[in-house]
Amino acid sequence: MKKMNSIVRKQSAWVKSVLLFYLFTFLPLTSSAQCGIENNAFKSGEELAYDLYFNWKFIWVKVGTAEMDTKMAKFEGKDAWKSYLITRGNPKLDKFFVMRDTLLSYCNPDLSPLYFRKGAKEGDSYYVDEIWYSYPHGNCQLKKHRITSSGEHLWKTTTYKSCIYDMMSIFLRARNFDASKMKKNETIPMPVSDAMGLSNSWLEFRGRENYKMSDTKEKFRCLVFSFYERDNGKSKELLRFWVTDDENHIPVRLDMFLSFGSAKAYLKSYKGVRSPMTAKIK
């Protein structure tokens, strides 16, 4: 029971790592806030589903699921990509910990971000992060809002010369990056913000491997990356993940290295993908 309680207290860090899964690719910082890019990776109606596992007492236990949907919609009367991610804890574990997270993102048709919202119920607490984007004078301006678990409203506006993204918009943009010219051990900074500030983080390309899905037994050629974050002067690998080596760039596996254990996320199903899954090994 003490072991389980320890897991419960630190579950929030685990949830953060799951969400970082969707930062699976690697974009350089731009010199100015020209944040658009042509979309060749996905189409309206794509749906991805994942199973989430945690290693408890040397046993891998399914602790939740994650679902991500992307479609064309309207934002303030204009066409926009609407994408949302929902993570849910296993109801059998609710007596120890309640996990209900919802992330929502709107982006322009060229994938430049417009709005981001995260509502997170983790244990007995609930908080909300929001970001509104604008691009005055060629810069990238973020209006940030956090509603804390105690109900306090925190506001902050920050302007950057480079493009800045959130957990969702970076996922959509990064899926259109061409990794064919990347070299092993190459590192690229990842400018990602929440309502509180920027993360000092980057990606390292680890090469290519094959991966077999546990349920369907489908096998894919994948690109492998590690996600690092620097905190208090120390660098730490938080994530290692596998994405399909084709135009879809779908993340199929994630390994999370946490201070209180390890966790994994596996692609369970996909539908509505834009391009043929040429990374699939027959």
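Is E47 buried, partly exposed or exposed? I will come to that after a word on the model. This is a predicted model, where local features need pLDDT of at least 70, side-chain atom pairs count only at pLDDT 80 or more, and totals for chains, interfaces and linings use all residues. Residues are numbered from 1 along each chain as its sequence is written, and side-chain values use heavy atoms, with hydrogens and water left out.

Now the answer: E47 has 31% relative accessibility, so E47 counts as partly exposed. Buried means under 20% relative accessible area, exposed means over 50%, and partly exposed is in between, with a 1.4 Å probe and protein chains only.

Next, salt bridges. The term means a side-chain nitrogen of Lys or Arg within 4 Å of a carboxyl oxygen of Asp or Glu. The search of the whole structure finds 11 of them.

One of them joins K271 to E47, at 3.4 Å from N to O. K271 is in strand β14, residues 261-271, and E47 is in strand β1, residues 46-56, so this pair ties together parts 224 residues apart in sequence. Strands here are DSSP runs of E, at least two residues, numbered from the N terminus.

Another pair is K62 and D51, whose closest N and O atoms are 3.1 Å apart. Because K62 lies in strand β2, residues 59-75, and D51 in strand β1, the pair ties together parts 11 residues apart in sequence. K62 is partly exposed at 31%, whereas D51 is buried at 5%.

Last, K264 and D255 form a salt bridge at 3.1 Å, N to O. Both residues are buried. With R253, they are linked in a network of salt bridges.

Definitions and conventions:
Helices (H or I, at least four residues) and strands (E, at least two) are DSSP runs, numbered from the N terminus.
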